[in-house]
Amino acid sequence: MKPEYRFRDIEAKWQKKWEEAGTFASREVEGAPRYYCLEMFPYPSGRIHMGHVRNYSIGDVIARFKKMKGFNVLHPIGWDALGLPAENAAIKHGVHPHQWTMENIDYMRSQLKKMGFSYDWSREISTCDPGYYRWNQWIFLQLYKRGLAYRKKSWVNWCPQCQTVLANEQVISGCCWRCDAQAEQKEMEQWFLKITAYAEELLSGHEKLVKWPEHVLIMQKNWIGKSEGTTVSFPVVDREEVIDVFTTRVDTIYGATFLALAPDHPLTLKLLERSPQKDRLVKWVKDQIAQRSLHREEPEERKEGIDTGQRAVNPYNGEEIPIWIVNYVLMDYGTGAIMAVPAHDARDFEFARQYNLEIREVIVPSGFAEREESELETAFEEYGVLVNSGPFSGLESRRAIEEMTKLAEEKGFGHRSILYRLRDWGISRQRYWGTPIPIVYCQRCGVVGVPEEELPVVLPSDVEFKGLEGSPLEKVASFTNTTCPQCGGPARRETDTMDTFFDSSWYYFRYCSPHESSQPFNPQLGAYWMPVDLYIGGVEHAILHLIYARFFCKVLRDLGLTKEDEPFPHLLAQGMVTKDGAAMSKSRGNVVDPDEMIQKYGADTLRLFILFAAPPEKEFAWNEKGIEGCFRFLNRLWTYFIDHLDIFEEKTASSTSTAPSSDSGRRLKTKVHQTIKKVTEDIEQRYHLNTAISAIMELFNLLKKEGETLKKNPEGRALLRETMESILLLLNPFAPHLGEELWAMTGHRAMLAETPWPKFDPQWAEEEKVTIVVQVNGKLRDKLEMAKDSEDRLVREEALKLPKIQKYLQGQTPKKVIYIPNKLVNIVL
């Protein structure tokens, strides 16, 4: 009987062999080319999902391919293991977060191993291990010593259900990103990291990230939000306070008819102290703070404000103007105060009309005369010529900005400024399952860092989880009560823990020496492996994780641990996995369990399908028929090899160096080398893993077609053997278990994973060219030479680039571009 394709047995067999042989263990080999392939590590939520399968399958193809290409590959895995869900599970089910987390890690590890991923499990890390978070604490202390970690009181987003602080990015449509509870505002002492000290370098570093998706760079640039302008100081009348205003349009300052402060500006409550309506106005301010934070990214439905009754002096003309508190100015941009110029800012214009405030035109288009206030229908926001602006009237806006900024600097009431939208990173979390912040509070010595030799500050195990307000650590006296490291007197330990993004901001360095006990990582080993050559993960991490990781890399550089400026020169942002038109989620009931698919079809089939159905960066729509099709392909491949094992029993010479005498042989040999070339380039250059798989399938189909003729003579049989071996080598990164089994069955002693990647002969791989007619509105205008059977998209793009065609287009966008494969392109205007 023919051996059946028993995928469960085959996959278990080879996973065991790889593990026993240490096939994917990474070693530092001087002189050998090295390659660091990394996928974003998972949170141990309990089970892997299809997003994990796709992410890790992409990385595994690259890692296996690079190993076969002779690279010394580092392909590690670990667990982003701290975080709120474990604590919520403890409250709900009465299971300690450590137990819940470790059980989940054990199960998910077994799932990943069933997929056959080529991880170096000897480098596995877990961020909940005190041996890991000890170095979180060490890094924090270095930041604290350098003034890059500090404590201040601030309004924070608070989730009443999770009982913790939320970062602005974690509030989505006014709700907690994890539990969907309505977020609230709360004023608390918080620890911050001064990421703003690196704002300019985080921006300028984008120039080095030429292998990042453009949309990710744009998202980061917008988040950092650099603005160049002028800071002007407005003294408050009859008070000592001064209100600093940042503006990019100081040329409009003579048109400022009021100052507008954000509700959470530091001076807001002070300015209301003298008001007879203080209580009502303070309540309005607090309501606005809450509303603005919960709906941060949404435009105000209606602009509202209150007059404080106080006035400030415009230093350019000495005019006293009222100070308002308004809901459309944000504290987290600029100084939290603006000079309101209704004639030249749309928001100020709308507000002034609503509250009957003066609108004074001070900029007009070149050649225009100034108008009466009643003539202004909208704000004029462009550059122009200054009017009603004292000695600056008649100047063009750009020149006026220079002259007016110069005057402010000379007189001492202003200066040039660069501001960023980016705000310092609040890391305090009122939860248990996180890294304890290594700080103690002493009445005599104040805020004191825990000595490095006393690290790690370990989470206590005797904690009750009842869901009460505040951190569970506050209620553990044995943890909270301590002694001051400086004076030895009684002290209180910090009970906030770190935002878990701290853990994931440097883990890629830890993989270089995961068992290092004297420092976060060995700098020499870090220098050997870093930077990460390819980083793979979802685009949803474009802002938070990727900015924080870049920040930490620069901090570790400045601490002397690395010379790298950027941790990830090449980012591959994979698309999400959807089903029935929506992202997979338990709430939608459209989740497909990877375990069920592995049990039904096998890991190789699941890997092949999830890579074949769409390019990595595109959204992937789950389709049961698609996975069945991949399963049938692997079964056909298995059957063909079993039926032709006799070819490998013969001692036939390789046909590589000889030209086949038959047309069938020449067609197959050409296809073999073209396929090796295409699959190599698709993996290495373009990451078009779907088209690489398609090319392998095409080669197999031609093998079956030409095989019956070729196997009748020794020359043909040698070519069949060469072709079959090439297919297994090319398929190995995608379906490694099946490949290894057939490789062994065909008499090869070395593992397929240890076998070099096949090389193509450029002469045999040369593609057949075709001449394609290019028409515009049905008339011949040019011709295009392309490789036969080129992708439709590529042919259309090349046709539109032709100089002769560009003349006919004249900047127009074609209504449609019709392509008849290998023959004709018709551009319809």
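Which loop holds Gln-182? Gln-182 sits in the loop between β8 (175–176) and β9 (184–193). This is a predicted model: local features need pLDDT of at least 70, side-chain atom pairs count only at pLDDT 80 or more, and totals for chains, interfaces and linings use all residues. Residues are numbered from 1 along each chain as its sequence is written, and side-chain values use heavy atoms, with hydrogens and water left out.

**Overall build**

- The chain has 26 helices and 34 strands. Both are DSSP runs, numbered from the N terminus: helices are H or I with at least four residues, strands are E with at least two.
- Along the principal axes, the C-alpha atoms fill a box of roughly 105 × 80 × 50 Å.
- Of the 829 residues, 57% count as buried. Buried means under 20% relative accessible area, exposed means over 50%, and partly exposed lies in between (1.4 Å probe, protein chains only).
- Take the contacts between residues at least 6 apart in sequence: 72% of them join residues at least 24 apart. Contact means heavy atoms within 4.5 Å.

**Surface and charge**

- The accessible surface of the chain comes to about 36,800 Å². Carbon and sulfur atoms account for 49% of that surface. Areas come from the Shrake-Rupley method with a 1.4 Å probe; for residues, only the protein chains shown count as cover.
- The chain carries 106 positive and 117 negative charges, and their mean positions are 5 Å apart. Lys and Arg count as positive, Asp and Glu as negative; His and the chain ends are not counted. Each charge is placed at NZ of Lys, CZ of Arg, CG of Asp or CD of Glu.

**Helix packing: α1 and α23**

- Two packed helices are described by the angle and the distance between their axes.
- Helix α1 (residues 7–21) packs on helix α23 (residues 736–745) at an angle of about 85 degrees, with the axes 9 Å apart.
- The two helices, α1 and α23, are therefore roughly perpendicular to each other.
- On the α1 side, the contact uses Ile-10, Glu-11, Lys-13, Trp-14, Gln-15 and Trp-18. On the α23 side, Pro-736, His-737, Leu-738, Glu-740, Glu-741 and Ala-744 take part.
- Axes are lines fitted to C-alpha atoms, for helices over the stretch in contact, and angles run from 0 to 180 degrees between N-to-C directions. Angles under 35 degrees count as roughly parallel, over 145 as roughly antiparallel, 65 to 115 as roughly perpendicular and the rest as oblique.

**Backbone exceptions**

- Most residues other than glycine have a negative phi, and most peptide bonds are trans.
- The peptide bond from Leu-455 to Pro-456 is cis, with omega near 5 degrees. Pro-456 belongs to the loop between β22 (446–449) and α12 (477–480).
- A cis bond also runs from Met-530 to Pro-531, with omega near 0 degrees. Pro-531 lies in the loop between α14 (523–529) and β26 (534–538).
- Asp-238 is not a glycine, yet has a positive phi of about 60 degrees. Its loop runs between β10 (226–235) and β11 (242–247). Asp-238 counts as exposed, at 71% relative accessibility.
- Asn-822, not a glycine either, has a positive phi of about 70 degrees. Asn-822 is placed in the loop between β33 (816–820) and β34 (824–828).

**Selected residues**

- Gln-182 is partly exposed, at 44% relative accessibility. Gln-182 and Val-171 are 11 residues apart in sequence and 9.0 Å apart in space, C-alpha to C-alpha.
- Asp-348 is part of helix α10 (residues 346–355). Asp-348 is buried, with a relative accessible area of 3%.
- Leaving out residues up to four places away in sequence, Asp-348 touches Tyr-328, Ile-338, Met-339, Ala-340, Val-341 and Pro-342.
- Tyr-328 lies in the loop between β14 (320–326) and β15 (337–340). Tyr-328 is buried, with a relative accessible area of 1%.
- Tyr-328 and Arg-302 are 26 residues apart along the chain, and their C-alpha atoms are separated by 9.0 Å.
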